[in-house]
Amino acid sequence: MIAFHDIDLKYLKVFVTVVDCQGFTNAEAMLDLNCSSISKYISSLEARLSVRLCNRGRGGFELTPEGEEYYQSALRLLKSIDQHSIDINNLKHRSASSITLGVIDNIAQDSGCHVHDAMRSFKSKQANVNFKVVTCSADEIILKLINNEIDIGISYISRRISGLESTLLYKERSFPYISAINHGAYKNGLVSLEDVKELGLATCTHEKSNPILGYFHNINICNHLDSVSLLTLSGEYIGLLPEHYAQYWVDKNQFKKLAIDELYLMSSIYGLCKTNTSEQPLVREFLELLSSEHT
């Protein structure tokens, strides 16, 4: 029998993330590791088990039958570990409960966001509950949920993640913007993609699957909207920004919205949580209230 050690848990988490992301490349951002490092983790795990778990190469990523069996076993183990964490948290917060939210930046400016209304309503019913709020990138929110560092995430999500469930809250509209430096060239804002292809495109990580990104030679993918704004203000980039966020710069005549249909983006904002929140009644209750506030 193979003894289980801490390093095995690290290997196991890397393996599960790779399977959930359907390949090494897709898992890089989630794990904050490059493909070479991920490959070493998987190879070490296979060597320790003396079993080939997956096929990878030009043909793509595919689990072997043994890999599928190990993946299901790993999910059961991680679920058990999650339950242990929940039990510990319940003991810790039995007298003074708290709910930790992880949110993407600048959602408080969006009129479609009613998270603050849900918090106020919840406090009127559960006065002893304290809310903690941390601002993270979309990828960081997923990691913090998986690692039990936050209870609920308010974020974009581009794919289904094993162990997480999502509830649609509202839609966010994003448009392309240019800085005042470029106003002379695009006075009326009515331009085509061909007119602006010499500029770079600055955008956030959740949009990197957008096929239009392939049109631009210079793409700067950022984790936060402020980074996109700074690049846009430089005059070297078009900024793909939420309308509510960009309005501040429009009002100061430093940004101008461009009418380019291909760069218009409607993003879905979700409430995210672990699938086992039934064991955390306060978290489940707040999620239900959060959903009702956005209907």
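In which loop is Asn106 found?

Reply: Asn106 sits in the loop between E3 and H5. This is a predicted model, in which local features need pLDDT of at least 70 and side-chain atom pairs count only at pLDDT 80 or more, while totals for chains, interfaces and linings use all residues. Residues are numbered from 1 along each chain as its sequence is written, and side-chain values use heavy atoms, without hydrogens or water.

H stands for a helix and E for a strand: both are DSSP runs, numbered from the N terminus, with helices (H or I) of at least four residues and strands (E) of at least two. The protein chain has ten helices and eleven strands.

Asn106 has a positive phi of about 70°, although it is not a glycine. Most residues other than glycine have a negative phi. Asn106 is also partly exposed, with a relative accessible area of 24%. Here buried means under 20% relative accessible area, exposed means over 50%, and partly exposed lies in between, using a 1.4 Å probe and protein chains only.

Ser50 also has a positive phi, of about 60°, and is not a glycine. Its loop runs between H3 and strand E1 (54–55). Ser50 counts as exposed, at 66% relative accessibility.

Strand E3 (98–103) and helix H5 (115–125) are among the elements that the buried residues of H10 pack against. Strand E4 (130–135), strand E5 (152–155), strand E6 (164–179) and strand E11 (265–274) are packed against as well. Contact means heavy atoms within 4.5 Å.

Helix H10 covers residues 281–293. Its 13 residues reach 18 Å from first C-alpha to last, close to the 18 Å expected at 1.5 Å a residue. The expected span is 1.5 Å times one less than the number of residues. The buried residues of H10 are Val283, Phe286, Leu287, Leu289 and Leu290. Seen down the axis of H10, they fall within an arc of 165°, so they line one face of the helix. That arc is taken from the directions from the helix axis to the C-beta atoms. Pro281 and Glu288 are exposed, on the face of H10 turned away from its buried side.

Leaving aside neighbours within four places in sequence, Ile99 is in contact with residues including Phe122, Phe131, Ile152, Leu282, Val283 and Phe286.

Ile99 and Phe286 are among the residues with the most contacts inside the largest nonpolar core. A nonpolar core is a set of buried Ala, Val, Leu, Ile, Met, Phe, Trp, Tyr and Cys residues joined through side-chain atoms within 4.5 Å. This core has 54 residues. Its largest share, eight residues, comes from helix H1 (residues 6–21). Apart from this core lies another, of 14 residues, among them Phe175, Cys222, Val228 and Phe255. In soluble globular proteins, nonpolar side chains tend to be buried together.

Finally, the whole chain. Of its 295 residues, 45% count as buried. Among contacts between residues at least 6 apart in sequence, 70% join residues at least 24 apart.
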